[in-house]
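Here is a friendly briefing to read alongside the model. Please keep the sequence and the 3D view open as you go.

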Amino acid sequence: MDSMPPRRVALACLLLAALLPAQTPPRVFPGKSWERIEKPEAVGFSSARLEALRGWVKSLDTTAMMVVVGGRSLFQYGDLTHLSYLASVRKSVLATLYGKYVEEGKIDLSKTLGEIGLTDHGGLLPIEKQATIEHVITARSGIYHPASNPGDDTSSAPPRGSQRPGRYYLYNNWDFNAAGAVFEKLTGRDIYDALESDLARPIGMQDFDRSKQKKTGDLKVSMHPAYHMWLSVRDMARLGLLMLREGNWNGRQVVSKEWVRRITSLVTPFNEMNPPHRRALGTSRRWGYGYMWWVWDAPNSQGPFVGAYTGIGAGGQYITVLPQLDMVVAHKVDIQQPPAVGTSKRPRTVTSDQYYAILSVLVASYCGANCP
């Protein structure tokens, strides 16, 4: 199955807009395990279309995928229990962790890096020290010090010191790793300990293993390592459901509603993304940026992506929330597994085109009250 062209995606969204209010599935939370939806039509989805989606996903490098609607599992593929590398979705998870400590006053987002004494090899420039914590967690710090790990847009960065903090967005791993360093410095807690106590336990993650979590990076390049995470797909889906429910888990407010809304609100519109190639992705991928979450930005649009946001990691890692469909999509490619047979030893990956085609087929499977 080829990737769905942007024009077809847009058309599908327009057609779905009329269906969305048709019925709202009941909202529940998983206990020790996920409850499954046995008949998709009961919650407004086509079994036939979901099976067609399954057939296509099998042809990709997808390790596992889970779709949750109304707090129950609608679609499952692969080994949902397998722990593997989460890549840059870690940044979205950290944004969620920040909330408790911002509200407690331990993290003041208006403080500058100079005020809290955060630096790096060779020091920061005077203008860079003026960047606030909020600038850092929205990727607008203007600090282009080399990061300890690759996988960002630093190669397209302006010269150091040329951008005043807050004025220029760049997807820059130095910002994200510094966000982790700020968290640990001001809270006095290890990120992984906080992940376990503040999120994994309260929402009942089934597969979380503290011993698997480890920081990586070249500390000779930057003193701030990357805080990569290892999670299962079914636990990624729990995180997505927590976000969809605005921080509430079965009656307990794990993260404040205000913080969830804040971090998933648009800070950098699609047309201000840098480098410019990020603005050339067409209507099928109009993601702007919030607080380490990617936020759907299509003004005046209708359909299933209104209000959507997502975490994105290299190789095909996603936690996508579609509030209009009361849906969470958790998708994983174990990029550290050996290449698949017959792939000429290419790295395992599901491209962004392939993933958005998955989403378009998935939302097209919604039939509301008109399911056959």
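Predicted model: local features only at pLDDT ≥ 70, side-chain atom pairs only at ≥ 80, totals over all residues.

- Helices (H or I, at least four residues) and strands (E, at least two) are DSSP runs, numbered from the N terminus.
- Seven strands form an open sheet in the order E2-E1-E11-E10-E9-E8-E7, with antiparallel pairing; two strands pair if DSSP finds at least two bridges between them.
- The edges are E2 and strand E7 (287-289), each of which pairs on one side only.
- On average, neighbouring strands of this sheet are turned by 20° against each other, direction ignored; axes here are lines fitted to C-alpha atoms, for helices over the stretch in contact, and angles run from 0 to 180 degrees between N-to-C directions.
- Strand E1 (residues 64-69) has six of its six residues buried, so it is largely enclosed by the rest of the structure; buried means under 20% relative accessible area, exposed over 50%, and partly exposed in between (1.4 Å probe, protein chains only).
- Ala64, Met66 and Val68 point one way from E1, while Met65, Val67 and Val69 point the other way, and all are buried.
- On one flank, E1 runs antiparallel to strand E2 (residues 72-78), joined by six bridges; the partners include valine 69 with arginine 72, and methionine 66 with glutamine 76.
- The hairpin of E1 and E2 has two residues between the strands, and glycine 70 there takes a positive phi near 65°.
- E1 also pairs with strand E11 (residues 327-332), in the antiparallel sense and over six bridges.
- Helix H2 packs on the sheet, touching E1 and E2, and its direction makes about 30° with that of E2; contact means heavy atoms within 4.5 Å.

**Aromatic rings**

- The whole structure holds 19 aromatic pairs; rings of Phe, Tyr and Trp (its six-membered ring) pair if their centres lie within 6.5 Å, and planes under 30 degrees apart count as stacked, over 60 as edge-to-face and the rest as tilted.
- Phenylalanine 45 and tyrosine 366 have ring centres 5.1 Å apart and planes at 70°, so they make an edge-to-face pair.
- These partners are 321 residues apart: phenylalanine 45 is in the loop between helix H1 (6-17) and helix H2 (47-57), and tyrosine 366 is in the segment after helix H10 (352-364).
- Phenylalanine 45 and tyrosine 366 are both buried.
- Tyrosine 318 and tyrosine 356 are also edge-to-face, because their ring centres are 6.3 Å apart with planes at 70°.
- Tyrosine 318 sits in strand E10 (residues 317-322) and tyrosine 356 in helix H10, 38 residues apart, and both are buried.
- Tyr318 and Tyr356 belong to a cluster of linked ring pairs with Trp287, Trp296, Phe305 and Tyr355.

**Charges over rings**

- Arginine 54 lies over the face of phenylalanine 75, at 4.5 Å from the ring centre; a charge sits over a ring if NZ of Lys or CZ of Arg is within 6 Å of the ring centre and within 35 degrees of the ring normal.
- Arginine 90 lies over the face of tyrosine 227, at 4.4 Å from the ring centre.

**Salt bridges**

- The count comes to 16 salt bridges, each a side-chain nitrogen of Lys or Arg within 4 Å of a carboxyl oxygen of Asp or Glu.
- Glutamate 51 and arginine 54 form one (3.3 Å, N to O); both lie in helix H2, three residues apart, about one turn of the helix.
- Glutamate 51 is partly exposed at 47% relative accessibility, whereas arginine 54 is buried at 19%.
- Lysine 100 and aspartate 198 meet in another (3.6 Å, N to O).
- Lysine 100 is in helix H3 (residues 89-103) and aspartate 198 in helix H7 (residues 191-200), so this pair ties together parts that are 98 residues apart in sequence.
- Aspartate 190 bridges to arginine 210, with the closest N and O atoms 3.4 Å apart.
- Salt bridges that share partners join Glu184, Asp190, Asp193, Arg210 and Lys215 into one network.

Conventions
Residues numbered from 1 in each chain as written. Heavy atoms only, no water.
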